[in-house]
Amino acid sequence: MTIKAFIFDLDGVLTDTAEYHYRGWKRLADELEIPFSREDNESLRGIQRRASLMLILKGRTFPEEQIQEMMERKNLYYLEFIREISPRDVLPGARELLEEIRAAGLKSALGSASKNAPEVIQRLGIENLLDAVSDGQSVEQQKPAPDIFLHAAAQLKLSRAECIVVEDATAGVEAAKAGGFRCVGLGPRERVDGADVIYPSLANVHLSDLISKLEFNVKDMNFPK
Ligand code: BG6
Ligand code: MG
């Protein structure tokens, strides 16, 4: 078997901070009187802070100082939300899968664009199940560039062929593919269509099933019953 590790995205894969990112941006957008809907928010999945703000501003220009202030303000709102995070907020199936990976002697890493990732994994109580952490501070080029996943694989001392990326965002799946990784996509097919295997979420996803689908190249929507 070639699979030796899994590299997990954080937001929307291991926990639902996607909702908190939305609320933080929504509050900022309301204050700026810029229209911003949940639908708009979908295109921000996996996208780093600055690039997200640029998408929200839709071509409106501001001096750099104000841009910095807006990013800081959104992050303060976000930090208020994540203060409430506890081990109960690990998404269904995620902790079980991390434990199965550890028990099978394989490795797990984090590959998240978020600069807040270390705090979130600590609050979730999963940092001891991760062998390496690559986050928004680790690389310059963010998703859809592959750098974050290549950085995680390098920390694990494994090749791209030995690591499987788990992602919920189009930009994340693109990053995985750009880096030459196989990828498990979570969520609606239209969002993660480029992935090799697609599940609605990690709920009831077990390592043995995942590995056989990846090894035998089975791409199907295996919605657990
Ligand atoms: C990603 C999220 O994981 O991290 C994005 O999907 C977010 O929504 C990005 O913008 C950056 O997060 P942070 O915590 O550094 O602002
Ligand atoms: Mg995500």
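This is a predicted model: local features need pLDDT of at least 70, side-chain atom pairs count only at pLDDT 80 or more; totals for chains, interfaces and linings use all residues.
Guide: A cavity here is a set of grid points where a 1.4 Å probe fits but cannot get out, and its volume is the space filled by probe spheres set on those points.

Visitor: Which residues line the largest cavity nearest its centre?
Guide: The lining comprises 24 residues, and D11, H21, L44, G46 and I47 are those nearest the centre. The space itself is the one taken by ligand 1.

Visitor: What makes the approach of D11 to ligand 1 a polar contact?
Guide: The cut-off is 3.5 Å between N or O atoms, and a polar side-chain atom of D11 lies 2.6 Å from an oxygen atom of ligand 1, so the pair qualifies. By the same rule, a polar side-chain atom of S114, at 2.6 Å from an oxygen atom of the ligand, also counts, as does a backbone N or O atom of G46 at 2.9 Å. Of the 390 Å² of accessible area that ligand 1 has on its own, the protein covers 96%.

Visitor: How do you know which residues surround ligand 1, and from which domains do they come?
Guide: A heavy atom within 4 Å is required, and 13 residues surround the ligand, with D11, I47, S114, K115 and N116 the closest. By class, this shell has three nonpolar, seven polar and three charged residues. At least three of its residues come from each of domain 1 (5-16 + 90-216) and domain 2 (18-84).

Note on methods: Residues are numbered from 1 along each chain as its sequence is written. Chains are lettered from A and ligands numbered from 1 in the order in which they are written. Side-chain values use heavy atoms; hydrogens and water are left out. A polar contact is a pair of N or O atoms within 3.5 Å; within protein, one must be able to donate a hydrogen and the other to accept it, and residues adjacent in sequence count only if both atoms are side-chain atoms. Accessible areas come from the Shrake-Rupley method with a 1.4 Å probe; for residues, only the protein chains shown count as cover. On a 1 Å grid over the protein atoms alone, a cavity is a set of points where a 1.4 Å probe fits but cannot get out, and a pocket is an open set with protein on both sides within 12 Å along at least five of seven lines; lining residues have an atom within 4 Å of a point. A molecule sits in a cavity or pocket if more than half of its atoms lie within 2 Å of its grid points. Ala, Val, Leu, Ile, Met, Phe, Trp, Tyr, Cys and Pro count as nonpolar, Asp, Glu, Lys and Arg as charged, and the others, Gly among them, as polar. Domain bounds come from an automatic or database domain assignment.
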